[in-house]
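This report looks at charged side-chain pairs and at one case of helix packing. Please keep the sequence and the structure at hand while reading.

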Amino acid sequence: MSILYELKNIEYFFDEKRVLSIDNLILEENKIIGFFGPNGSGKSTLFSILSFICKPENGEIIVDENIKKSVVMLPQNPYLLKRTVFENIAYGLKIRGESVDLKSKVEEALSLVGLDKNFSNRKWNQLSGGEAQRVALASRLILKPKVLILDEPTVGLDPKQVIEIRELIKSFKKDHTVILSSHILSEVSQICEKVIIIDKGEIVAVDTP
């Protein structure tokens, strides 16, 4: 299995308090990798580093430069533009200056998350929680990322929606490396091939479910 990321001696501080301290961590390609830990354990901070939104104060991240350009993250409670579903999903491509064949690309992204193409005409405030989460996922998948980082992807959803999102995530493995976080152990156990336990900013254990 090819190495995707290698983290060495990573430290991150917030208000002079060390909130992340990782001596060594290897993440492989083409897997669903889960980070499990309580709220405040450092999962979101680590994901911001893995998605290159922020940089650690100390340490080294070894990763292929091409991978850096193909990482997308879905944060907790993702924000939707106050526009149509189409505009939300197409937004990333428009920012990139890619405007060719947007309609078919949006429809393909909707299909990937199990939504009918007619959803593209709905407004942001006409969506249920589960539908909004799928639209947010579609807005990332349309960018064709190699790495999909999902921070607490089922938080705030009802039980039926949680099951649906979990099944969706499993289906992404064939085309993406998926890195997700959860504070629910059964969730990472059911979805992931590798589980990393993090607490107080440190890696406690790395193993299979």
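In this predicted model, the side chains of Lys170 and Glu167 meet in a salt bridge, with a distance of 3.2 Å from N to O. Both residues belong to helix H6, where they stand three residues apart and are therefore separated by about one helical turn. Lys170 is partly exposed, its relative accessible area being 37%, and Glu167 also counts as partly exposed, at 44% relative accessibility.

Because Glu164 lies in helix H6 (residues 159-171) whereas Arg134 lies in helix H5 (residues 129-141), the pair ties together parts that are 30 residues apart in sequence. The two partners fall on either side of the 20% limit below which a residue counts as buried, since Arg134 is buried, with a relative accessible area of 11%, while Glu164 is partly exposed, at 27%. The pair is also part of a network of salt bridges, in which Arg134, Lys160 and Glu164 are linked.

A further salt bridge joins Arg18 and Glu11, with the closest N and O atoms 2.7 Å apart; Arg18 is partly exposed, with a relative accessible area of 41%. A search of the whole structure finds 14 salt bridges, and the table lists those described here.

| Salt bridge | N to O distance |
|---|---|
| Lys170 and Glu167 | 3.2 Å |
| Arg18 and Glu11 | 2.7 Å |

The remaining topic is the packing of two helices. Two packed helices are described by the angle between their axes and by the distance between those axes. Helix H3 (residues 85-96) and helix H4 (residues 102-112) pack at an angle of about 110 degrees, and their axes are 10 Å apart. Since angles of 65 to 115 degrees count as roughly perpendicular, H3 and H4 are therefore described as roughly perpendicular to each other. The crossing in which H3 passes H4 is right-handed. On the H3 side the contact is made by Val85, Phe86, Ile89, Ala90, Leu93 and Lys94, and on the H4 side by Leu102, Lys103, Lys105, Val106, Ala109 and Leu110. Sorted by side-chain class, the residues of this contact of H3 with H4 comprise nine that are nonpolar and three that are charged, with no polar ones.

Terms used
Residues numbered from 1 in each chain as written. Predicted model: local features only at pLDDT ≥ 70, side-chain atom pairs only at ≥ 80, totals over all residues. Heavy atoms only, no water. Salt bridge = Lys/Arg side-chain N within 4 Å of Asp/Glu carboxyl O. Buried < 20%, exposed > 50% of the residue type's maximum accessible area, 1.4 Å probe, protein only. Helix = DSSP H or I, 4+ residues; strand = E, 2+ residues; numbered from the N terminus. Axes fitted to C-alpha atoms, helices over the stretch in contact; angles between N-to-C directions. Parallel < 35°, antiparallel > 145°, perpendicular 65-115°, else oblique. Left-handed = near helix turned anticlockwise from the far one by under 90°. Contact = heavy atoms within 4.5 Å. Nonpolar A, V, L, I, M, F, W, Y, C, P; charged D, E, K, R; others polar.
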